[in-house]
Number of protein chains: 2
Amino acid sequence: MPEATVARLPLYLRALTNLAERGVATVSSEELAASAGVNSAKLRKDLSYLGSYGTRGVGYEVDFLRHQITREIGLTQDWAVVIVGIGNLGHALANYGGFASRGFRIAALVDADPSRLGEEVAGLNVRHADELEQIVQDLGIAIGVVATPARAAQLVCDRLVAAGVTSILNFAPAIVQVPEGVDLRKVDLSTELQILAYHEQRKNGAALALTAEQAAELAEAVNG
Amino acid sequence: MPEATVARLPLYLRALTNLAERGVATVSSEELAASAGVNSAKLRKDLSYLGSYGTRGVGYEVDFLRHQITREIGLTQDWAVVIVGIGNLGHALANYGGFASRGFRIAALVDADPSRLGEEVAGLNVRHADELEQIVQDLGIAIGVVATPARAAQLVCDRLVAAGVTSILNFAPAIVQVPEGVDLRKVDLSTELQILAYHEQRKNGAALALTAEQAAELAEAVNG
DNA sequence: AGACGCTTGTGAACGTATGCACAAAGTTGC
DNA sequence: GCAACTTTGTGCATACGTTCACAAGCGTCT
Ligand SMILES: NC(=O)c1ccc[n+]([C@@H]2O[C@H](COP(=O)([O-])OP(=O)(O)OC[C@H]3O[C@@H](n4cnc5c(N)ncnc54)[C@H](O)[C@@H]3O)[C@@H](O)[C@H]2O)c1
Ligand SMILES: NC(=O)c1ccc[n+]([C@@H]2O[C@H](COP(=O)([O-])OP(=O)(O)OC[C@H]3O[C@@H](n4cnc5c(N)ncnc54)[C@H](O)[C@@H]3O)[C@@H](O)[C@H]2O)c1
């Protein structure tokens, strides 16, 4: 299955969940695509990788398709997650209810700062980074979330990997190397803002260019 | 300039900043690519869109290239940003120092909950959503960050756009429509975790398949 | 039963992105 | 001043992703 398709399955799943909550039983690719904000041909091609779950002339059965995608993504089981670095962002993530409802259970919180140890966040005690290996093994954790400062990110990832974690979501603005077989994704908020800034600048530039053009037109009108 | 290139420029900028802090004056595409975690040919092609700023046989001058990328992204000016929704995540974002150091100034915080009004977060008073238009215009805000619940996201974006914001970063797990000319990017943490879960599941599946294969080999060994 | 209308699933064309490989262009050493 | 070496910038082949367009399939209505 293409990586681009995998990245969209959660989107479809969410759209289907919304439809199910609104009591919709059947949906066409056109409607579902609109709900997910994609092109309908793309949606159909994506779904075709799961199998032929639609009915021609009718569409897709919402509950059934939802179950198929859930199974494909691997959300029939709950995944235990450890968050490393319980600062600003770590607190927000730990307190976020949206993960549990999507099949992810925050199983442990870890920080290196002794003053944070024992602090209770979202019903969990913050534990020391030295216990990481033990925690990962005891709780069967496969996914780690890194919310430490950038300079600690590589070290933390190394320790997560050594402890047996094979999927990492990194929030620190740092390039991290992981061995083959470990999946690393990064969420980079500054980069997102910078991409917006780039386009914003060009918009203003375009506006200015338009003004120049208008000025030229005006000049021509005066001269002509 | 290709969108994929734009998305990598911030990465290069960060790598260059790290190098500059370490006192490195010149860097080859090979070294810079390694720092940014990309292929060196890709890096050179990306940089070639900015112009011919390298010196053959030598590499790129760190400070100069950094300045060029900064200019290209549009970070020579500071961008004023408003955060809408000062809950878990909004607090973390407001308190995050990493934005200011990258050219983004959190200029205002807005929430709809009356009990939050006047609360001071990161040196700013939380103001009411009704003031949004006024705030955006007074402070010359071009970029909005949405950290409200999903059900409010479309409404908030509509109001941001109406107020004159033309770039939005959305953290709410909702599909939001914006008019042409407005840039919308989304950061979707649940989706990221779900993509990891998909691959994690396949890893386990692969492991099981391998075990089955080993079992078959074993059976063959016994039979043969 | 057959015709009609709707929607899926997919082949094919197109566009974008990546990475190789190398000529061109520079530096260094003698 | 020239040869040897290094590194950039880019043409080209390949891979990946998207979108169009339509035949095949299903339900419905007469
Ligand atoms: N806060 C945000 O909104 C935001 C936005 C974008 C990016 N980020 C990035 O996310 C990361 C966390 O940001 P933050 O604002 O929460 O920072 P923070 O300083 O508030 O928290 C970092 C936490 O990590 C802990 N820590 C440090 N080294 C550690 C180690 N080796 N092992 C375990 N824990 C360790 C610290 O004790 C601290 O509690 C940073 O890399 C930041 O750049 C944050
Ligand atoms: N907290 C996280 O780590 C996290 C992670 C992933 C996604 N998200 C998403 O980010 C968003 C915010 O998450 P949170 O945990 O901070 O939620 P939260 O409930 O703590 O905060 C939401 C805030 O938005 C405010 N709000 C509601 N409607 C508003 C409106 N119309 N105008 C202005 N403000 C309004 C609320 O008063 C509240 O203060 C949610 O959509 C959530 O799904 C959060």
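Colleague: How far is an oxygen atom of ligand 2 from an N or O atom in the side chain of Arg116(B)?
Modeller: This is a predicted model, in which local features need pLDDT of at least 70 and side-chain atom pairs count only at pLDDT 80 or more, while totals for chains, interfaces and linings use all residues. Side-chain values use heavy atoms, with hydrogens and water left out; residues are numbered from 1 along each chain as its sequence is written, and chains are lettered from A and ligands numbered from 1 in the order in which they are written. A polar contact is a pair of N or O atoms within 3.5 Å. For the side chain of Arg116(B) and an oxygen atom of ligand 2, the distance is 2.9 Å.

Colleague: How much of the area that ligand 2 exposes when taken alone does the protein bury?
Modeller: Ligand 2 also has an oxygen atom 2.5 Å from an N or O atom in the side chain of Asp111(B), and an oxygen atom 2.6 Å from a polar backbone atom of Thr148(B). Taken alone, ligand 2 exposes 830 Å² (Shrake-Rupley method, 1.4 Å probe). The share of that area buried by the protein is 83%.

Colleague: Why is the site of ligand 2 shared, and between which chains?
Modeller: The shell around ligand 2 holds 23 residues (a heavy atom within 4 Å). The closest are Tyr96(A), Leu89(B), Asp111(B), Arg116(B) and Thr148(B). The site is shared because the residues that surround ligand 2 come from chains A and B.

Colleague: Which element gives the most to the shell around ligand 2?
Modeller: Helices here are DSSP runs of H or I with at least four residues, strands are runs of E with at least two, and both are numbered from the N terminus. Helix H5 (88-95) of chain A, helix H5 (88-95) of chain B and helix H7 (150-163) of chain B each supply at least two residues of this shell. With three residues, the element that gives the most is H7(B).

Colleague: How far is a nitrogen atom of ligand 1 from a backbone N or O atom of Ala112(A)?
Modeller: An oxygen atom of ligand 1 is 3.0 Å from a polar backbone atom of Asn88(A), and a polar side-chain atom of Arg116(A) lies 2.9 Å from an oxygen atom of ligand 1. For the nitrogen atom of ligand 1 and the backbone of Ala112(A), the distance is 3.2 Å.

Colleague: What share of the atoms of DNA strand C within 4 Å of the protein do sugar and phosphate account for?
Modeller: DNA strand C is surrounded by 25 residues, the closest being Ser29(A), Arg44(A), Tyr60(A), Lys45(B) and Arg56(B). Among the atoms of DNA strand C that come within 4 Å of the protein, sugar and phosphate make up 65%.

Colleague: Which residue of chain B has a polar side-chain atom 3.4 Å from a base nitrogen of DNA strand C?
Modeller: In chain A, the side chain of Tyr60(A) has an N or O atom 2.6 Å from a phosphate oxygen of DNA strand C, and a polar side-chain atom of Lys45(A) lies 3.0 Å from a base nitrogen. The chain B residue at 3.4 Å from a base nitrogen is Arg44(B).

Colleague: Which element supplies the largest share of the surface near DNA strand D?
Modeller: Of the 26 residues around DNA strand D, Arg8(A), Arg56(A), Ser29(B), Arg44(B) and Tyr60(B) come nearest. Among the contacts, a backbone N or O atom of Gly54(B) lies 3.1 Å from a phosphate oxygen, and the side chain of Arg56(B) has an N or O atom 3.0 Å from a base oxygen. The largest share, four residues, comes from H3(A).

Terms used: Polar contact = N/O pair within 3.5 Å; in protein donor to acceptor, adjacent residues only side chain to side chain.
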